[in-house]
Amino acid sequence: MNFLTRKSTAYKQAFNGPAGEFLLASLLDFAGFYKQSFSSDPYQTAFNEGKRAVALHLIQILALTEEDLRNLVRGYREEQYQSSNTGI
């Protein structure tokens, strides 16, 4: 198995299943993937783009489609919304 195949397989195993998908959605949210990265401060914009680059790397390695991302964020945000409404 070559390096890139091994790397891709490891990422897919790590983010597989409900816990892995939740973790991936959490990382994409933290990295600001779904937010605008621009700021009036150019250093903040660069910082935001650096975080976003990590999210793009994960998406590329995992070969996620737009539909995959929509489903991932939908489930994460629904759980986040329910949690904030129940006080948990």
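Colleague: In what order do the elements of the protein chain run from the N terminus on?

Modeller: They run α-α-α-α. The count is four helices and zero strands. Keep in mind that this is a predicted model.

Colleague: What does the C-alpha trace span along its principal axes?

Modeller: About 45 × 40 × 20 Å.

Colleague: And what share of the residues counts as buried?

Modeller: The chain has 88 residues, and 24% of them count as buried.

Colleague: Let's talk about α2. How many residues, and what reach?

Modeller: Helix α2 covers residues 17-30, which is 14 residues. From first C-alpha to last, α2 reaches 20 Å, close to the 20 Å expected at 1.5 Å a residue.

Colleague: Which residues of α2 are buried?

Modeller: G20, L24, A25 and L28.

Colleague: Where do those sit, seen down the axis?

Modeller: The buried residues of α2 fall within an arc of 135°, so they line one face of the helix. The face turned away from that buried side carries the exposed residues P18, A19 and F30.

Colleague: What do the buried ones pack against?

Modeller: Against α1, α3 and α4, with α4 being residues 66-86.

Colleague: What happens just after α2?

Modeller: G32 takes a positive phi there, about 75°.

Colleague: Back to α2 and α4. How do their axes cross?

Modeller: At roughly 90°, coming within 9 Å. That makes α2 roughly perpendicular to α4.

Colleague: Which residues make the contact?

Modeller: On the α2 side, E21, F22, L24, A25, S26, L28 and D29. On the α4 side, L69, L72, Y76, E79 and Q80. L24, A25 and L28 are also among the buried residues of α2.

Colleague: How does that contact split by class?

Modeller: Seven nonpolar, two polar and three charged residues.

Colleague: Now α1 and α3. What is the packing angle there?

Modeller: About 105°, with the axes 9 Å apart. Helix α1 is residues 3-14 and α3 is residues 42-62. Angles of 65 to 115 degrees count as roughly perpendicular, and α1 and α3 are therefore roughly perpendicular to each other.

Colleague: Which residues touch?

Modeller: K7, S8, Y11 and K12 come from α1. H57, L58, I61 and L62 come from α3. By class, that contact has four nonpolar, two polar and two charged residues.

Colleague: How far apart are S8 and P18?

Modeller: They are 10 residues apart in sequence and 19 Å apart in space, C-alpha to C-alpha. P18 is one of the exposed residues of α2.

Colleague: Last one, T45. Where is T45 placed?

Modeller: In helix α3. T45 has 18% relative accessibility, so T45 counts as buried.

Colleague: What is T45 in contact with, leaving aside neighbours within four places in sequence?

Modeller: S37, F38 and S39.

Colleague: Great, thanks.

Technical notes. Residues numbered from 1 in each chain as written. Predicted model: local features only at pLDDT ≥ 70, side-chain atom pairs only at ≥ 80, totals over all residues. Heavy atoms only, no water. Axes fitted to C-alpha atoms, helices over the stretch in contact; angles between N-to-C directions. Helix = DSSP H or I, 4+ residues; strand = E, 2+ residues; numbered from the N terminus. Parallel < 35°, antiparallel > 145°, perpendicular 65-115°, else oblique. Contact = heavy atoms within 4.5 Å. Nonpolar A, V, L, I, M, F, W, Y, C, P; charged D, E, K, R; others polar. Expected span 1.5 Å × (residues − 1). Buried < 20%, exposed > 50% of the residue type's maximum accessible area, 1.4 Å probe, protein only. Arc of directions from axis to C-beta.
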